[in-house]
Amino acid sequence: MLIVMQKDATTAQHDGVQEAIRSLGFEAIPVPGPSRMAICVVGNDGPVSEAPFVGLGGIAELIRVSQPYKLVSREVHPENTVISVGNAQIGAARPVLMAGPCSVETESRTLEIARQVAAKGAEIFRAGAYKPRTSPYSFQGLGEEGLHTLKCVRDETGLAVVTEVIDPESVDIVASYVDILQIGARNMQNFSLIKKAARAGLPVLLKRGLSATIEEWLMAAEYILSEGNKNVILCERGIRTFSTHARNTLDLNVVPLVQSLSHLPIVVDPSHGVGDRNRVRPMARAGLAAGASGLLIEVHTAPDTAYSDGAQTISVEDFEGIGRDAELIAGLEDL
Ligand code: PEP
Ligand code: MN
């Protein structure tokens, strides 16, 4: 349930409502908005009775929240969440481009890629220092050395940086080097990891699990919000289906659907969604045309030499084309 308070409700009335919620054994989470203050009831399994609130002062409206995810839902938070990172605004009208190699590579190569994607419109640099690989024999990432390189990228280019965190033990160290923590598809329901990442206080980019439903994905986001971190960026990166013609099936249906269900920004990762560099640009266009707040794309100055995911990694020239597409698509009329 969402309890919307009257504009002129007193502090004592706010406290009274929160106390009533707690005395029922539930948690009270204040949800400030531009036009009103509301208090969300969480921790209830079934519907919450209205009776305990009927005689309380300062209440404007009691709203039933129909979704199991509360803080993530648009019912509780009608306005879009806009997340400021570096110079970028994720969730605002203009889409944000996040680009870089799959893995952090040598410092000189990584800086070279960062400078070039920055020159072509990227506002956020992406690269993994810790890589969750299917095979234990594949390159696992440079670890802390990679984090140092990401810090150099940030210092030298001014780009904000997103990187993946793969276990709770490394959350604090990773968070001390970067601007956004990425939770990879394989870890979307690793709740001890996502709670720890949430508490680091940085925005969290939460990729959709390999075969996660929308509800499972939004409930994973709810874990982050329930830890007090409101800055979650959802990322569609393709799901496992019967199709074998692509690495994954990029499910662009979720873009408008998530936007109707949640106030959180959603971005699209066409690189992992298709797995083939020749199809990244068309699907990047499609993601933006569907209304995504940005793209996460694997880009390299010499894609065939990439330490990981070379087959889906595009050139800087292709990335430049996507930047032009983004400008054009941003100029289209809203649906
Ligand atoms: C990545 O972004 O490089 C990555 C490993 O992505 P995902 O978790 O979507 O497979
Ligand atoms: Mn990758």
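## Exercises on burial and salt bridges

At 15% relative accessibility, histidine 14 counts as buried. The model behind these exercises is predicted.

**Exercise 1.** Find where histidine 14 lies and what is in contact with histidine 14 beyond its neighbours within four places in sequence.

*Solution.* Start with the element. Histidine 14 sits in helix α1, residues 11–23. Next, set aside the neighbours within four places in sequence; histidine 14 then contacts Met5, Ala9, Met37 and Ile39. Last, check the burial. The cut-off for buried is under 20% relative accessible area. Histidine 14 has 15%, so it is buried.

**Exercise 2.** Which parts of the chain does the pair of arginine 154 and aspartate 179 link?

*Solution.* The two side chains meet in a salt bridge of 2.8 Å, N to O. Arginine 154 belongs to helix α3, residues 144–157. Aspartate 179 belongs to the loop between α4 (171–175) and β10 (180–183). The separation is 25 residues. Arginine 154 has a relative accessible area of 23% and is partly exposed. Aspartate 179 has 16% and is buried.

**Exercise 3.** Are aspartate 269 and lysine 207 buried or exposed, and how many residues apart are they in sequence?

*Solution.* First, the bridge: the side chains of aspartate 269 and lysine 207 meet at 2.7 Å, N to O. Aspartate 269 lies in the loop between β13 (266–268) and α8 (270–274), and lysine 207 in strand β11 (residues 204–207), so the pair ties together parts 62 residues apart in sequence. Aspartate 269 is buried, with a relative accessible area of 1%. Lysine 207 is buried too, at 3%.

**Exercise 4.** How many salt bridges does the model hold, and which residues join Arg208 in a network?

*Solution.* The count comes to 19 salt bridges. Glu236 and Asp251 are linked with Arg208 in a network of salt bridges.

Methods: Residues are numbered from 1 along each chain as its sequence is written. Chains are lettered from A and ligands numbered from 1 in the order in which they are written. This is a predicted model: local features need pLDDT of at least 70, side-chain atom pairs count only at pLDDT 80 or more; totals for chains, interfaces and linings use all residues. Side-chain values use heavy atoms; hydrogens and water are left out. A salt bridge is a side-chain nitrogen of Lys or Arg within 4 Å of a carboxyl oxygen of Asp or Glu. Helices (H or I, at least four residues) and strands (E, at least two) are DSSP runs, numbered from the N terminus. Buried means under 20% relative accessible area, exposed over 50%, partly exposed in between (1.4 Å probe, protein chains only). Contact means heavy atoms within 4.5 Å.
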